[in-house]
Amino acid sequence: MNSEKIDQLRINAAHIRKMALEGVHSAAAGHPGGSLSIADILAYLYMCEMNVDPKNPKMENRDRFVLSKGHCAPALYGALAERGFIPKEDIKGLRHTDSYLQGHPDMKGVPGVDMSTGSLGQGISAANGMALAAKLDNKDYRVYTILGDGESEEGQVWEAAMFAAHYKLDNLTAFLDFNGLQIDGDITKVMNPTPLDKKFEAFNWNVITIDAHDFNQIEDAVNKAKATKGKPTLILAKSTKGKGVSFMENNAGWHGKAPNDEEYAQAIAELDAYIESIGGAK
Amino acid sequence: MAEKMATREAYGKALVEFGANENIVVLDADLSKSTKTDGFKVTYPERFINMGIAEGNMMSTAAGLATCGKIVFASSFAMFAAGRAFEQVRNSIGYPHLNVKIGATHAGISVGEDGASHQCLEDIGIMRTIPGMVILNPADAVESRLAVKAAIDYNGPVYLRFGRLAVPTIFDENYTFEIGKGVKLSDGKDVTIIATGLLVPNAIEAAAALAEQGISARVVNMPTIKPIDRDIIIAAAKETGAIVTAEEHNVIGGLGSAVAEVLVEECPVPMLRVGTQDVFGRSGKPYELLELYGLDTKTIVEKAKAVISKK
């Protein structure tokens, strides 16, 4: 990937981060930490990779995306706004009674949301269903999903992992946002799900480990997944929870807490400074 | 004696009969020989997906398939379809109102020898609380076939409840079925027996027994538990003044509750409920269990007489 493209994606991702924080701040509730950790993956998928059309969100042969870790909806809404599915000015409605942007993704209410999620473990199963439908219909669209690392403590994730490998769903690419923190703290202390790479390999998946904030690595892994036949791919994306905002990084306390006005101003200032440093518009 | 066929058997045959529709996909969780989806598996192997023993995953996978235009039948025993996988049914299927048909077999105490762990007497109550969920509980093979057809033609989630036990076929080829409609099988003026599923033949027998004792009982078959046919209930209350419900389900949450809710709001009259009385079942021969737990003609007759005395 050339440096111009990387810079553009960095700017897109910073905008997604800003919008995620704008939503959470406006709602005075939500999940900033995990939203920030997946912003780069979402930027790559929505701005670079997926065959989607904001003017025709139900396009039959579109690539599908399922946010299995549905609580990171603020980042998904940011990505949908950045790609043009929803107006950027709607982001501040997050979690408000008069808005269509619920705390967790609602496919009936939000253009571009392919599956309602929020209850952990179910999104990857639904993504399997979509990938299977493509196989049954001989269609070549791909299905992407993002799981949380804490989410992998749900048994259903492993039922789904077995299924995807058994039915050779090579049109499915699952990212696992490995930021190492869940609500109650370090995932290895709460209920250690590691080693996740070895577990998915044992479930007969193609596993690729990357830095979740390196666009070259994201692109390379996505392309390798597309070239892999007969197996689904898990991209184990080592991420920093709260990525992009200094005081939120690697702090489980920001899993499900909104910034106050002062913190929000500082976070936006940091992201704006970053955007300016690479020549983008705020 | 009428021909007998289990409603699960009729379900399996209907899937094959209507299975030429290429949008239909059938999922099963390692129970296809019991749920009778194995016929579809043989006829349309490319559209039969064995999920293994993983009912929660099955429901969410069904949801994903439905988002891509598939009409999905997800089959298991009622205990696991409605019980174990409740939250997947609620969040993956019910909440986005996806086109998934839950084919739940082995409902009720007539499962028999497998015992209480497999005798689901709560499923109607559980499923009834999910907004937008249609619940169909057919009484015989004819009605089961028509219920499957209606579920295919309806766009949205449907819970279909079938039994393991062979039951009399009571309807003929002229019988018509519409989601949300009860069917008056015979008229009467003293009491109305509203029955569903396996208890419908008992309701018909009970009306005949009551007639011999000079009591005129109306019989209403209620194959759709949700949306419940309010009009037929209100008419029965106004015209006969007393109601007995009969179902192979806990009296809490099922048909009896649904009917009571309508009566309380629209036209309160004396009412009694035939069903299991908030207890678990046990192993035994199906008809012995049905008698033991009061899911029989004799109990319907007794409750009908008792409810008339409350008028």
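Two residues are said to be in contact here if their C-beta atoms, placed from the backbone, lie within 7 Å. With that settled, here are my notes.

1. **Conventions.** This is a predicted model, in which local features need pLDDT of at least 70 and side-chain atom pairs count only at pLDDT 80 or more, while totals for chains, interfaces and linings use all residues. Residues are numbered from 1 along each chain as its sequence is written, and chains are lettered from A and ligands numbered from 1 in the order in which they are written.

2. **Where the chains meet.** Chain B brings 24 residues to the contact and chain A brings 22 residues. On the chain B side, α4 (55–67) and α6 (86–94) each supply at least two residues, and α4(B) gives the most, with nine residues. Helices here are DSSP runs of H or I with at least four residues, strands are runs of E with at least two, and both are numbered from the N terminus. By residue class, the side of chain B that touches chain A has ten nonpolar, eleven polar and three charged residues.

3. **Chain B as a whole.** Chain B has 13 helices and 14 strands, and its C-alpha trace spans about 60 × 40 × 35 Å along the principal axes. Its radius of gyration is 19 Å, which agrees with the value near 19 Å for a compact globule of 311 residues; the radius is taken over C-alpha atoms, and the globule rule is 2.2 Å times the number of residues to the power 0.38.

4. **Two domains.** Chain B is divided into domain 1 (4–168) and domain 2 (183–309), with bounds from an automatic or database domain assignment. Their C-alpha centres lie 25 Å apart, and 28 residues of domain 1 are in contact with 31 residues of domain 2. On the domain 1 side, α7 (123–128), β6 (134–136), α8 (141–153) and β8 (166–168) each supply at least two residues. That side divides into 14 nonpolar, eight polar and six charged residues.

5. **A sheet in chain B.** Five strands form an open sheet in the order β9-β11-β10-β13-β14, with mixed pairing; two strands pair if DSSP finds at least two bridges between them. β9 (183–186) and β14 (271–276) of chain B each have a single partner strand, so one side of each is left without a neighbour in the sheet. β13 (residues 243–250) and β14 of chain B pair in the parallel sense over five bridges, and B:Ile243 has B:Met271 as its bridge partner in β14(B).

6. **Helices on the strands.** α9 (residues 200–212) of chain B lies across β9, β10 (191–195), β11 (217–221) and β13, running at about 170 degrees to β11(B). Helix α13 (residues 297–309) of chain B packs on the sheet, touching β10, β11, β13 and β14, and makes about 160 degrees with β14(B). Axes are lines fitted to C-alpha atoms, for helices over the stretch in contact, and angles run from 0 to 180 degrees between N-to-C directions.

7. **One residue in chain A.** A:Met191 is found in helix α7 (residues 187–191) of chain A. A:Met191 is exposed, with 11 other C-beta atoms within 10 Å.

Methods. Nonpolar A, V, L, I, M, F, W, Y, C, P; charged D, E, K, R; others polar. Buried ≥ 20, exposed ≤ 12 C-beta atoms within 10 Å, placed from the backbone.
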